[in-house]
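Please open the model in your viewer and keep the sequence panel at hand.

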Amino acid sequence: MVQFYSPNRRSVNRGIISVTADNLDAQGQGIARHQGKTIFISGLLPGEQAQIQLTEEKRQFAKAKIVKRLSDSPHRVAPHCPHFNVCGGCQQQHVATELQVNTKASVLEHLIQRETGIRISAYPIIHSPEYGYRRRARLGLQYHAKQRTLLMGFRQSQTNDLVNIKHCPVMRPELEQLLRPLHQCLNRLQAVKRLGHVELVLAESGPLVVLRHLDPLKHEDKQILSTFSVQHQVAIYLLGDEKSLEPLMAEQAAPWYQVDGLKLVFSPQDFIQVNDGVNQQMVTQALAWLDLQPTDRVLDLFCGMGNFTLPIATKVQAVVGVEGVAELVASGQYNARLNQLHNVDFFHANLEAEIHRQPWAAQGFNKVLLDPARAGAAGVMAHIVKLAPEKVVYVSCNPTTLARDSKVLLEAGYHLVSVRMLDMFPHTGHLESMALFCSEPMDIE
């Protein structure tokens, strides 16, 4: 997520002032100016006037809450979710989608220009459906002693309190329709007071549920869960601790999803992209940017279970995937065999440590893809430069670290050829993107 203010806060108690927002940040906060100071106001859209009260103040900026909104923007829309403004999962359901994505694209362009001095467009945007896009969601579980009931839902904004979720329109419909019956099922368990969280995942093979329980489940509870599994055609996995995942029923088939025509089997605890529609477009765009040829040797860093690696393998001489999580490396190796891809190797390595001694690091590659976590890829950028690839595709979930790491490539003589904003998480402040760097200047459609 992108924030333009420091997390260090100082509470204030000031009188009411009137402002008009003139911009929006990536979090969906309105930006106004008063007496030379920038003020961030949650819930206020550009062009809207409101009476506000400051809640936090620093030397160069402040935060405020709306006391009374005096006008409405044409970009203000009715939220689909009845829990909006209470649940902390979404921040922007009141903002028209066009304004959301254009704001994020502008933020991305601004950060890249500020850090590199390069002005570049983040269009065309890779779009997502407005709702029904999330194929994975983790909900907290908490027994409410006074009400003698289980709460199941997401955290309230800036608190640890759970919002009891009955609807979640950003979830895939196959998952949302499980919310009520699953809540009823879990509330019947003898272990109801000793549950941690529940995760819903939609695979191509059907929906599945991962239940974190803090004590061993009794036979009666397993029977209740088994009945739910059969009635709703849901595969259930039990997580007694963070590592011991067991299928409720021994005959459950492993879940899988498809990307670029390949079948990828995964463990319910493996990372997979939440938004399948955007993931498919992202992989297609990355492969097109790399302009893959039968003679290419490609390096895929932070490769996960091979979301990019395996599609790349279908088009090149050889591809190497490197990942820091051993379980994901094992999944990648399994899926390479499953799809009969014999020109791909996966390695387990800490990409924040010294990597030049790793067996894969000495190999030659003419193209590189990397998809790091929020912290970015500072530990491998110098090695990428040393490899001197023709093309580098950088997929990012944090535009700040993308902009920072870009400078290493630019200082080495690479050209930033194209940038895309990915609307991976509509209605939230998450900003995903991807960028193409080439050793020679070129034009990209």
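## First stop: F346

Select F346, which counts as buried because its relative accessibility is 7%; buried means under 20% relative accessible area, exposed over 50%, and partly exposed in between (1.4 Å probe, protein chains only). The model is a predicted one, in which local features need pLDDT of at least 70 and side-chain atom pairs count only at pLDDT 80 or more, while totals for chains, interfaces and linings use all residues. Residues are numbered from 1 along each chain as its sequence is written, and side-chain values use heavy atoms, with hydrogens and water left out.

F346 belongs to strand β18 (residues 344-348); helices (H or I, at least four residues) and strands (E, at least two) are DSSP runs, numbered from the N terminus. Now display its surroundings, taking contact as heavy atoms within 4.5 Å. Not counting residues up to four places away in sequence, F346 touches C303, M305, G306, T309, L310, G321, V329, G332, Q333 and A336.

Next, select S331 in helix α7 (residues 326-338). S331 is buried, at a relative accessible area of 13%. Its contacts, leaving aside neighbours within four places in sequence, are D270 and M305.

## The nonpolar cores

A nonpolar core is a set of buried Ala, Val, Leu, Ile, Met, Phe, Trp, Tyr and Cys residues joined through side-chain atoms within 4.5 Å. Which residues touch the most other members of the largest such core? Select L139, L186 and L225, which hold that place among its 89 residues. Helix α5 (residues 276-290) supplies the largest share of this core, with seven residues.

Centre the view on L186. Beyond residues up to four places away in sequence, L186 touches L141, L150, M152, V192, L195, L211 and L225. Then move to a second, separate core of 39 residues, which includes A122, V322, L370 and L387.

## An open sheet

Select the six strands that form an open sheet of mixed pairing, in the order β1-β5-β6-β4-β3-β2; two strands pair if DSSP finds at least two bridges between them. At the edges stand β1 (16-20) and β2 (23-24), each with a single partner strand, so one side of each has no neighbour in the sheet.

Within this sheet, examine β3 (residues 29-34) and β4 (residues 37-42), which run antiparallel and are joined by six bridges. Q29 stands opposite S42 in β4.

## Helix α8 and the residue after it

Select helix α8 (residues 378-387), in which V380, M381, H383, I384 and L387 are buried. The elements covering these buried residues include β16 (297-301), β19 (367-370), β20 (391-396) and α9 (399-411).

Step just past α8 to A388, which has a positive phi of about 55° although it is not a glycine. A388 lies in the loop between α8 and β20 and is exposed, with a relative accessible area of 53%.

## Further backbone geometry

Most residues other than glycine have a negative phi, and most peptide bonds are trans. Go to Q340, in the loop between α7 and β18, where phi is near 55°, again a positive value in a residue other than glycine. Q340 is exposed, at 61% relative accessible area.

Then select Y123 and P124, which are joined by a cis peptide bond with omega of about -5°. P124 is in the loop between α1 and β7 (136-144).

## Salt bridges

How many salt bridges does the structure hold? There are 14, a salt bridge being a side-chain nitrogen of Lys or Arg within 4 Å of a carboxyl oxygen of Asp or Glu.

Select E115 and K407, whose side chains meet at 3.3 Å, N to O. E115 lies in helix α1 (residues 97-116) and K407 in helix α9, so the pair ties together parts that are 292 residues apart in sequence. E115 is partly exposed at 28%, and K407 is partly exposed at 27%.

Proceed to R404 and D405, with their closest N and O atoms 2.9 Å apart. R404 is partly exposed at 33%, whereas D405 is buried at 2%.

Finish at D72 and R69, a salt bridge whose closest N and O atoms are 2.7 Å apart. D72 is exposed at 55%, and R69 is partly exposed at 34%.
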